[in-house]
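Open the model in your viewer and keep the sequence panel beside it. We will go stop by stop, selecting as we go.

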Amino acid sequence: MFWLNFIIKFFKALRTGDSPGQVSAGFSLGFAIGLMPFFTLHSLLLWLVLLLFNVNLAAGFVAMMLTSLLAVLFDPFFHDLGFFLLAQIPGLHNFWEMLYNLPIAPLTKFYNTVVMGSMASALVLFVPVYLAMKKLVIIYRDKFAEHVQKLKIVQAVKASSFYRWIDKLQRLGDI
Amino acid sequence: MRKNALVLLLTFAVFSGVLYYFAQNKYIERLAEKSGELFFGARVEFDDMYIKLFNLQCGWRRLQVADKIHPMKNLIETGEANFALEFLPLFWGKIIISELKLLDVRSGTARLKDGSLPQTVDDDAAQKGAFAKTKSAIKARMESLPALDFSQLRQKLDIDSLVQADKLQSISAYESLIGELDSMRTATTAQLNERKYADRVRTLKNEIAAVQIEKTRDPVKIKKTLQQLAKIKNTLETLQANVQNDKSSLMGLKLNAQKRYANAQRQLQADIVRVKKMARLKELETTDIGLLLFGAPFIKNAKSVMRYIVLARRYMPAAAILFEAQKEPEPQRFAGQDIHFRFYRKFPNFLVRKIILSASTGADNLPQQHISGTILGLTNEPAVFGRPTQFALKINKSMDEIFSLRAVFDHLGEITADSIWLEASAVKPGTFSLQERINFPTKISAKSGSFALTGFFTGASMKLNLQGQAQSVQFDYAEVKKNQIGKTIKEVLDGIQKLTIDAMIAEKGGTQVLRINSNIDKALTRRLRLILGEKIKKARQQLENRVRKSANNSGEKARVTLDQLTLKFEHQINEINNSIETQKKKLSEKEAVLKTRLAAETAKMKRAAEQQKGQLEKEVKKKLKDLFKKP
């Protein structure tokens, strides 16, 4: 139910409300969180950014849900990438060694191949995802939002008692 | 900035903090108890344990560690303890305590509840290895000490079981040899029968006799006869080669049997030594006296020192178990691989840099001993910490009676090197029980003394050395002995006021040494040897004769069988060989006659041919002359 609420909110946000920049920033943050293993320091920091800054939460949660599901499939790739970065580039060894000996850095578990691989992937993909999502929101709002609203299936869903009930709940629980 | 989210997060943080404040201590207390139980193998109970997150202070009001062997008593009980965790190592999940003060440490205090845990660990596991070998070697050494008791000596000598014929190795060896010689006889007889040497020689003899040489003048016939003789000669030589082979094989068997016989004779010597050892009739050595007198109490105390060393050695790996229980759960997703880099900081998983001890031992109603000292560098990863664990303890039993213990547990490398030094001065040794031996004292008491014990344990080898002296020594006897040995021992020991002891137990490369020397040794050995020497010598001779007599029958039988057998077959083979030689000689004679005759006949024929040739030449010349004559 919690997730359903966010999905509805996300579709609403696509259409109206927050600016495309806020929606895509929330989405990108959620994408980065979902891509990385959960119990790490930088993951926690991204959570704080998502919760505290004025970005679209629903987009963040939806992105997080989607990428978490997909990330499992990419774990072997993350492992290979992480191993390459940590062990196969001699020039970086000193840097990793220095990080390893710093007090806070080991809490990020950067020395784990999957953590490093997913973190690097998230860093690389963050800006393209942000830009792509922003463009998508603008295009959706300009060209598809009205068409989608007029679709019979959408209207049928909106007219259903289930949707009304969800909507009521959403209004009650809105922050 | 989303203000509502900030408020929500703060509310969540406060709520978590309050929950943690009320629940964490109990949780940590139980965790610490479980870890302690893994190490000690008995119930561990912390009372009012706490951890303050703001200044990282920890402590407890009371700690009880139950004794594994006596679960209704505490091995250790401490009062209040406070210590601080170092902040920086926590970032790497390392627990390091700078200084831990353990005050009011007591041992042997009574418990209200049974402190035993369900038995899961093999108690004897730690006792195995080098120490177990040393123990059994010590036991064997003590059992090999001579018996200084004539009645026992006579009894032992009279017991037939001591020289049981069926247990003497030499008799078995002789009998086995006789059996083998019998088999050899059967096999060789069969072999010689099968070869039918006599028949074959007889046939050849007949063949040689049948060759007639007197009337033959014709060279062609002579040549034929010579060929016949050469054939017989070949057969004779083949036969002789077979006989030589059999002879060589027989000599091999004889040599082997002689070796077995010599071996059986060596077994006899070994039997004599073994039986003497069983009767414990070895010569009295100076080194035996110390063991006979003080072996038992020394070994008892050395064993308890070894037990403590084993216990202390067990601590190092056992601490690893403590953290094994707290391993993080594996991540749900594909776990990846941790790449560990060089870590400059010397932070082991668990380290107490310094423990300050202040303790009183002894059960509630007994006089207490005061212990104070320090333990430095107590860790489960000494190699990471880079310094060995050091103990320094001082035990005051009274104002003057002071024991000081130092120990270094060096587990930095692959081979552990542990050392202990225990020194005591102005001690009141009191009374010690000695092993009950006939003619020897059963107790020793001294009014004052001092000692120094050093122990070095490197890998699987060990060396434990004790040097001590005691004043106003007195020996007590279970009963007054009237025999000469008992009287002599008492006389010598009564004259001793000051006793000095130098004892050692060592184990290196599978060799164990147990030695106890004292200032009594030489004097007592000399006196006892005078009494015992002749008697022991006589008894030893008696035993030797007895063993020799028991083994004599079998030995003699084996020797005779061996001689007879070899003689018989050698004779047989030599006989065959001789008859072959005779026939060969006869054959050679005939051959020589024929060869001479052949030469003579050939010459005769040549001469006749020459004459004939001359005559023919003359006739030809005459005819030619007649042909050219004028008519």
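In what order do the three strands of the open sheet in chain B lie? Select S2, S3 and S6 of chain B to find out. The order is S2-S3-S6, and the pairing is antiparallel. Remember as you look that this is a predicted model.

**Stop 1: the three-stranded sheet**

Colour residues 50-52 of chain B, which form strand S2. Then colour residues 81-84 of chain B, which form strand S6. These are the edge strands, and each pairs on one side only. Now turn the view slowly. Neighbouring strands of this sheet are turned by 15° against each other on average, ignoring direction.

Next, select residues 57-60 of chain B, strand S3. Four bridges join S3 to S6(B), and the two run antiparallel.

**Stop 2: a hairpin and its neighbour**

Move along chain B to residues 402-410, strand S11, and residues 417-427, strand S12. How many bridges join S11 to S12 in chain B? There are nine, and the strands run antiparallel. Follow the chain from S11(B) into S12(B): a hairpin of six residues makes the link. Select B:Leu405 and look across to its bridge partner in S12(B), B:Leu422.

Pick B:Asp418 here; B:Phe457 in S15(B) stands opposite.

**Stop 3: where the chains meet**

Show chain A and chain B together. Which residues touch? On the chain B side, 23 residues are in contact with 36 residues of chain A. The 23 can be sorted by type. But start with the charges.

Between chain B and chain A the count is one salt bridge. Select B:Arg342 and A:Glu97 to see their side chains meet in it, at 3.1 Å from N to O. The side of chain B that touches chain A has 13 nonpolar, four polar and six charged residues. There are also 10 residue pairs in polar contact between the two chains, with both residues at pLDDT 80 or more.

Finish with the whole interface in view. The size of an interface is often given as the accessible area lost when the parts come together. Here, chain B and chain A bury about 2,600 Å² between them, with 58% of it on carbon and sulfur atoms.

Conventions
Residues numbered from 1 in each chain as written. Chains lettered and ligands numbered in written order. Predicted model: local features only at pLDDT ≥ 70, side-chain atom pairs only at ≥ 80, totals over all residues. Heavy atoms only, no water. Contact = heavy atoms within 4.5 Å. Buried area = accessible area lost by both parts, 1.4 Å probe. Salt bridge = Lys/Arg side-chain N within 4 Å of Asp/Glu carboxyl O. Polar contact = N/O pair within 3.5 Å; in protein donor to acceptor, adjacent residues only side chain to side chain. Nonpolar A, V, L, I, M, F, W, Y, C, P; charged D, E, K, R; others polar. Pairing = 2+ DSSP bridges. Axes fitted to C-alpha atoms, helices over the stretch in contact; angles between N-to-C directions.
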